[in-house]
Amino acid sequence: MAALLEVKNLKKYFPTNKGVVHAVDDVSFRLDAGKTMGVVGESGCGKSTLGRTIIHLQNSTDGQILFAGEDVTHVKGKELKKLRENMQIIFQDPYSSLNPRMSVHDTIVEPLILSGKFKGPALEKEADRLMDMVGIESRLRGAYPHEMDGGRRQRVGIGRALALNPKFIVCDEPVSALDVSIQAQVLNLLMDLQDEFNLTYMFVTHDLSVVRHISDSICVMYLGQLVETCDTKELFECQLHPYSKALLSAIPSTDIHHPTKRIVIKGEIISPIDPKPGCRFAARCPHACERCHQPQQLEEVTPGHYVACCRVRELNEAFSRT
């Protein structure tokens, strides 16, 4: 199956007075149509920056972005406007991402008007269809963001993202600001919409229980780099990178008879400003050796399971013997 989205050696750097921040550094992956790829990692690892760079809210520093087989890395003008009809984003904070001076109706029709595809009665009909599709009551057409709860605001954001029938959507922690009960409703809505319209999601989150529920595959990020990527089920059954093991050990368990052994990460996080070559987790990894100071590449350890760790095979052989 041909990939809808393919990212090759993507980089996004930010110059500062103290040096260059390597927010996204040499990231590569492919994502098939109709699938959901989760991106997890601790705060500040570059998850959101990766998504924003892919959809051109920020220009990439280097690398290549292929969408539906076409190179869209440096598109501008009309080509960029056309691309954004197919690539959209749902933001984390449903309040700050909406214009407080625009009603629900105005927010949803704005992309329809800008596209020039809908006018007059057709515009209103399409707005009603979008509101109904994401579960916004017609009585809220004239409501403003401050008059709604977080769940309804996020539904407005989802409706706006779906206005022009995109193929790919970056979900940038879309439920992290919501109550748990509302989270489930929004997640189920996203999954229903995916089934109905064959949408492709890149789901950015720090909530591992959420990503387990919605994702087909998972990428684990650490300080701007991918350290492990594979199918969701396989990652939760068998983590190979030391950071992934520690990350998943932090998931709370309700099994009092077989509690999860928490792996505590010690040591200082290295600065993302002009980092030295080598594994960026080495300073905190209990298994680090001299080889870890050399550049690490994602390597297919088992079919479809890629890990960036020079000691991955010997460490997992040791774990399997204990």
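Visitor: How much space lies in the largest cavity?

Guide: About 80 Å³ of space lies in the largest cavity, where a volume is the space filled by probe spheres set on grid points that are joined across faces, edges and corners. This is a predicted model, in which local features need pLDDT of at least 70 and side-chain atom pairs count only at pLDDT 80 or more, while totals for chains, interfaces and linings use all residues. Residues are numbered from 1 along each chain as its sequence is written, and side-chain values use heavy atoms, with hydrogens and water left out.

Visitor: What makes a space a cavity and what makes it a pocket?

Guide: On a 1 Å grid over the protein atoms alone, a cavity is a set of points where a 1.4 Å probe fits but cannot get out, whereas a pocket is an open set with protein on both sides within 12 Å along at least five of seven lines; lining residues have an atom within 4 Å of a point. The structure holds 1 cavity of 30 Å³ or more. Its lining has 14 residues, and those nearest the centre are Pro 242, Cys 279, Cys 285, Cys 292 and Cys 309.

Visitor: Which residues lie closest to the centre of the largest pocket?

Guide: The largest pocket holds about 530 Å³ of space, and of the 18 residues that line this pocket, Arg 84, Gln 88, Pro 111, Leu 114 and Leu 164 are the closest to its centre.

Visitor: Why are α5 and α6 called roughly parallel?

Guide: The axes of helix α5 (residues 150-162) and helix α6 (residues 180-197) come within 10 Å and cross at roughly 15°. Angles under 35 degrees count as roughly parallel, over 145 as roughly antiparallel, 65 to 115 as roughly perpendicular and the rest as oblique, and therefore α5 and α6 are roughly parallel to each other. Axes here are lines fitted to C-alpha atoms, for helices over the stretch in contact, and angles run from 0 to 180 degrees between N-to-C directions. Helices (H or I, at least four residues) and strands (E, at least two) are DSSP runs, numbered from the N terminus.

Visitor: Why are α3 and α4 called oblique?

Guide: The axes of α3 and helix α4 (residues 121-133) come within 10 Å and cross at roughly 120°, and therefore α3 and α4 are oblique to each other. Their contact (heavy atoms within 4.5 Å) involves residues including Val 104 and His 105 of α3 and Leu 123 and Glu 124 of α4.
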